[in-house]
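Here are some quick notes to read alongside the model. Have the structure open while you go through them.

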Amino acid sequence: MGIFNIIGIGLIVSGMIYYQFARQFKKKAIRTTATITEIQVDRNSEGVERYIVDVEFEVDGKLYGGRLDNYSSGMCKGGKTEVYYDPANPNKFKSTESNVGAIILILLGVFFLVMKYFVAGK
């Protein structure tokens, strides 16, 4: 088994596991609207930007919040976004877009499997 196969299969399996965890979380979670309290831009040494989004939301009259696991270009400070939170522990929350990571892993895995045929000619 070649390196492209190993990487491709590994990425696909990782993506499927990630998707299952996100799906299980969403089954028990409650959807609510959160307010974006801060958006910071972090640049690494190569100049690649990473956006850090902080949100807060209310559950039973108490505020919860923290770092969101997703950013989209339409977000702005003071804006609204949807999140899922664990009713047993509202400090555990995820964006409604948290499946994007799983999809990216699966697509990268497929890419590596397809590239095997172009690079190896098999």
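The points below cover the nonpolar core, the aromatic pairs and a surface patch.

1. Keep in mind that this is a predicted model. Its largest nonpolar core has 12 residues: Ala-34, Ile-36, Val-53, Val-55, Phe-57, Val-59, Tyr-64, Leu-68, Met-75, Val-83, Tyr-85 and Phe-93.

2. Neighbours within four places in sequence aside, its contacts include Ala-34, Ile-36, Tyr-64, Leu-68 and Phe-93. Val-55 also touches Gly-65, Gly-66 and Thr-81, among others.

3. On to the rings: there are 6 aromatic pairs in the structure. Tyr-51 and Tyr-71 count as stacked because their ring centres are 4.2 Å apart and their planes sit at 10°. Tyr-51 is in strand β2 and Tyr-71 in the loop between β3 (62-67) and β4, so this pair ties together parts 20 residues apart in sequence. Tyr-51 is partly exposed at 33% relative accessibility, and Tyr-71 is partly exposed at 28%.

4. Phe-57 and Tyr-64 are stacked too, with centres 6.2 Å apart and planes at 25°. Both Phe-57 and Tyr-64 are buried. Ring pairs join Phe-57, Tyr-64, Tyr-85 and Phe-93 into a cluster.

5. Val-13 belongs to helix α1 (residues 3-28) and is partly exposed, at 41% relative accessible area.

Technical notes. Residues are numbered from 1 along each chain as its sequence is written. This is a predicted model: local features need pLDDT of at least 70, side-chain atom pairs count only at pLDDT 80 or more; totals for chains, interfaces and linings use all residues. Side-chain values use heavy atoms; hydrogens and water are left out. A nonpolar core is a set of buried Ala, Val, Leu, Ile, Met, Phe, Trp, Tyr and Cys residues joined through side-chain atoms within 4.5 Å. Buried means under 20% relative accessible area, exposed over 50%, partly exposed in between (1.4 Å probe, protein chains only). Contact means heavy atoms within 4.5 Å. Helices (H or I, at least four residues) and strands (E, at least two) are DSSP runs, numbered from the N terminus. Rings of Phe, Tyr and Trp (its six-membered ring) pair if their centres lie within 6.5 Å; planes under 30 degrees apart count as stacked, over 60 as edge-to-face and the rest as tilted.
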